[in-house]
Amino acid sequence: MTDGDDRIKDALRTLRERTATVNGFIGPMVDTPMAITEDRLAEIKEALNAYEQAKNAYHDALRNAGRTPPHQVA
C-alpha cells in the first residue's frame, strides 16, 4: 500500500466515526418520542459540521493521492 492509500483509509475511518456520531444524535430523535430541543438541534448541527469537515478531508486525501473525488449531482 502506498502512503496515499494510508491517508485515504485514515480519512475514511474519520468519516465513518463522524457518520456514527451524526447517527447517534439523529437516531433517537426520529425513532422515539423525544422532544426536539434547541440544545439537541445545536448538537446535531455540530455533528453535521464535523461530518462535512471529514468528508472534505477525504476528498482532499483522494486528490493528494492523484485520484478523483466523487462528483456531486445536484
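**The core and the terms behind it**

Analyst: The largest nonpolar core has 7 residues in all: Ile8, Ala11, Leu15, Ala54, Tyr58, Ala61 and Leu62. Two elements, α1 (3-31) and α2 (38-64), each give two or more residues to this core, and α2 gives the most, with 4 residues. The model is predicted, so local features need pLDDT of at least 70 and side-chain atom pairs pLDDT 80 or more, while totals for chains, interfaces and linings use all residues. Residues are numbered from 1 along each chain as its sequence is written, and side-chain values use heavy atoms, with hydrogens and water left out.

User: What makes a set of residues a nonpolar core?

Analyst: The set must consist of buried Ala, Val, Leu, Ile, Met, Phe, Trp, Tyr and Cys residues joined through side-chain atoms within 4.5 Å. In soluble globular proteins, nonpolar side chains tend to be buried together.

User: Why is isoleucine 8 called buried?

Analyst: Buried means under 20% relative accessible area, exposed means over 50%, and partly exposed is in between (1.4 Å probe, protein chains only). Isoleucine 8 has a relative accessible area of 8%, and therefore counts as buried. Isoleucine 8 is found in helix α1.

User: What does isoleucine 8 touch, leaving out residues up to four places away in sequence?

Analyst: Isoleucine 8 touches Tyr58, Ala61, Leu62, Ala65 and Arg67, where contact means heavy atoms within 4.5 Å. Isoleucine 8 and arginine 63 are 55 residues apart in sequence, and their C-alpha atoms are 9.6 Å apart in space.

User: Why is asparagine 64 called exposed?

Analyst: Asparagine 64 counts as exposed because its relative accessibility is 65%. Asparagine 64 is found in helix α2.

User: Is threonine 68 buried or exposed, and how do you know?

Analyst: Threonine 68 has a relative accessible area of 62%, and so it is exposed. Threonine 68 lies in the segment after α2. From threonine 68 to alanine 42 there are 26 residues in sequence and 33 Å in space, C-alpha to C-alpha.

User: Why is proline 69 called buried?

Analyst: The relative accessible area of proline 69 is 13%, and therefore it is buried. Proline 69 lies in the segment after α2. Leaving aside neighbours within four places in sequence, proline 69 is in contact with His59, Leu62 and Arg63.

User: How does the radius of gyration of the protein stand against the globule rule?

Analyst: The protein has a radius of gyration of 15 Å, but a compact globule of 74 residues would have one near 11 Å. The radius is taken over C-alpha atoms, and the rule is 2.2 Å times the number of residues to the power 0.38. The C-alpha atoms fill a box of roughly 45 × 30 × 20 Å along the principal axes.

User: What share of the residues is buried?

Analyst: Buried residues make up 24% of the 74 residues in the protein.
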